[in-house]
Structures are given as structure tokens and as C-alpha cells.
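Q: I have a structure open and would like to go through it piece by piece. Can you help me read it?

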Amino acid sequence: MQISIKNISKEYKGRFVLSGASLSIEAGDFVAIMGKSGSGKSTLLQLIGGLDKPTAGEVLVAGKDISKLSDAKLSLLRNRFFGFVFQSFYLQPYLTVRQNISAACFPQKLSDEEISKRVDEVAEIVGLTNRLDAQAKTLSGGEAQRVAIARTVATKPQVLLADEPTGNLDSKNSERIVQLLEKINQDGTTVIIVTHDQDIAKRAKRTIKLVDGEIDA
């Protein structure tokens, strides 16, 4: 599924966070978006995933301009094609790891058996099979981030969008998260991450640099 950004601009309170940015991302790509704080990285990620709409320009997903879709159709598209991983994990603290991952699958109206199967599969991928019955509030930061990724992977998105997925983690857990993203990408998922870490960016297939809201070629 190709994603094409065409001359998008985004204005907040009289200031353009993005200005005339254009790029194309092919299915199966692994792209790192880099830039200084305030350069528009997170805004670009949100526009790609349909979490926000541009002030001008087009965001084409599989040939459709998603910036012109209704909120209902945008929600359907996000549930069907996209998975999101944020620095804030948004786990339900009093639910177990299994319950947190399962909840992400509910909008897809899967059978209980299929959901259970997916939970077991992704828990093994992230190395948390032995923590499935633990409440989220008892997890370490690295464990919580792995649950957040497992929750996203369980929905089998075509595109995974991650905003600073290793930002609050130590080097050991950061490496584990990057290896997970690489594996997901190798399995066919398009991965787009915002990161400030040069070492992580080097692991991507391509790096996009933003400078003052514009893509630095």
C-alpha cells in the first residue's frame, strides 16, 4: 500500500508546522523521520495516519486522499490499515497484559478464539508470554512498551506508525524494540518511525529529515 504526501502544509495558531512537504513511501518500506524538536516530525506522522488533517495538500493512501474523508471513514481506515505506537503507552493499568492486547482486536470483530491466538503469538514475539496475566500497572517501562507494540501488531496493520518508540527506554530495551520493528518489517509491514536517535535511524531502509517544517533533500 503506497503512501504519497503531496505539498502538505499544517498551520497551528498562525504558525506553519509543515510547509509544502512531499514524499512517497512504498509498501514494505522502513522509514525513519528525523529532525529537531518542533520541526514537524510528529505532525507529519499524525497526518500520514489520518489522526489529523492538513491545512493544504494531499495525503494519499492507496490512491485515496484521506484528508477529504469523513471522520467515520477515517476511523474505519485507521482500524483497517494502521497501527500506532506512542511514547505514552495508553495501557489500562488494572487490566492484564492479555486483556490490554485483546481489547485492541475488538473493533475487528474477531472470534474469541482468533483473538486468543493472536495474543499468544504476539506475546511470544515480544517475549512476554510469562507476563500475560500480570496487571499493566506492575510492568516495567520496557515491558509496557513491548505490550504497546504487541497490542498494535495483534491487529495486523499494513502500516505501523511509531512516535519515539524508544524515547524513554534504556539501551537494552531500546535494542529489543528496534529488533521487533525490524522483524515486523521483514514480515511485510510498512514501518514509519519518528526518532531522534541516529543509531536507530541507520537501521531503517530510508531516513527523512525535516528542517523547519520542510523535507531536507
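Q: To start, which residue in β2 is the bridge partner of I3?
A: The bridge partner of I3 in β2 is I25. Keep in mind that this is a predicted model.

Q: How many bridges join β1 to β2, and do they run parallel or antiparallel?
A: Seven bridges join β1 to β2, and the two strands run antiparallel.

Q: What do β1 and β2 form, and how many residues are between them?
A: They form a hairpin with two residues between them. In the turn, K13 has a positive phi of about 50°.

Q: What is the strand order in the open sheet of four strands?
A: The order is β2-β1-β4-β5, and the pairing is antiparallel.

Q: Which strands stand at the edges?
A: β2 (15–25) and β5 (64–65) do. Each has a single partner strand, so one side of each has no neighbour in the sheet.

Q: And how many bridges join β1 to β4?
A: Five bridges join strand β1, residues 3–12, to strand β4, residues 56–61, and these run antiparallel. As an example, K6 has E58 in β4 as its bridge partner.

Q: Which helix packs on that sheet?
A: Helix α1, residues 41–48, packs on it and touches β1, β2 and β4. The direction of α1 makes about 125° with that of β1.

Q: Which strand pairs with β3 over four bridges?
A: That is strand β8, residues 190–194, which pairs with β3 in the parallel sense. Within this pairing, F30 stands opposite V191 in β8.

Q: What about β9: how many bridges join it to β3?
A: Five bridges join β3 to strand β9, residues 206–211, and these two run parallel. I33 stands opposite I208 in β9.

Q: What does parallel pairing rest on in general?
A: Strands of a sheet pair through backbone hydrogen bonds, and the pairing can be parallel or antiparallel.

Q: New topic, aromatic rings. How many aromatic pairs are there in the whole structure?
A: A search of the whole structure finds three. In one of them, the rings of F84 and F86 have their centres 6.1 Å apart and their planes at 0°, so the pair is stacked.

Q: How are the rings of F86 and Y90 arranged, edge-to-face or stacked?
A: Their centres are 6.1 Å apart and their planes are at 85°, so this pair is edge-to-face.

Q: Which residues do the ring pairs link into a cluster?
A: The cluster holds F82, F84, F86 and Y90.

Q: Are F86 and Y90 buried or exposed?
A: F86 has 29% relative accessibility, so F86 counts as partly exposed. Y90 is at 57% and therefore counts as exposed.

Q: Now helix α3. Which of its residues are buried?
A: Helix α3 covers residues 97–105, and its buried residues are V97, N100, I101, S102 and C105.

Q: What do those buried residues pack against?
A: They pack against α4 (112–125) and α5.

Q: Back to phi for a moment. Where is K156, and what is its phi?
A: K156 is in the loop between α5 (141–153) and β7 (159–163). Its phi is positive, about 50°, although K156 is not a glycine. Most residues other than glycine have a negative phi.

Q: And E164, where is that?
A: E164 is in the loop between β7 and α6 (171–186). Its phi is near 50°, again a positive value in a residue other than glycine.

Q: Is E164 buried or exposed?
A: E164 has a relative accessible area of 12%, so E164 is buried.

Q: Last, the whole chain. How many helices and strands does it have?
A: The secondary structure comes to seven helices and 10 strands. The radius of gyration is 17 Å, close to the 17 Å that the globule rule gives for 217 residues, so the chain is as compact as a globular protein of that length.

Q: What share of the residues count as buried?
A: Of the 217 residues of the chain, 49% do.

Key: Residues numbered from 1 in each chain as written. Predicted model: local features only at pLDDT ≥ 70, side-chain atom pairs only at ≥ 80, totals over all residues. Heavy atoms only, no water. Pairing = 2+ DSSP bridges. Phe/Tyr/Trp six-rings, centres within 6.5 Å; stacked < 30°, edge-to-face > 60°. Buried < 20%, exposed > 50% of the residue type's maximum accessible area, 1.4 Å probe, protein only. Contact = heavy atoms within 4.5 Å. Axes fitted to C-alpha atoms, helices over the stretch in contact; angles between N-to-C directions. Rg over C-alpha atoms; globule rule 2.2 N^0.38 Å.
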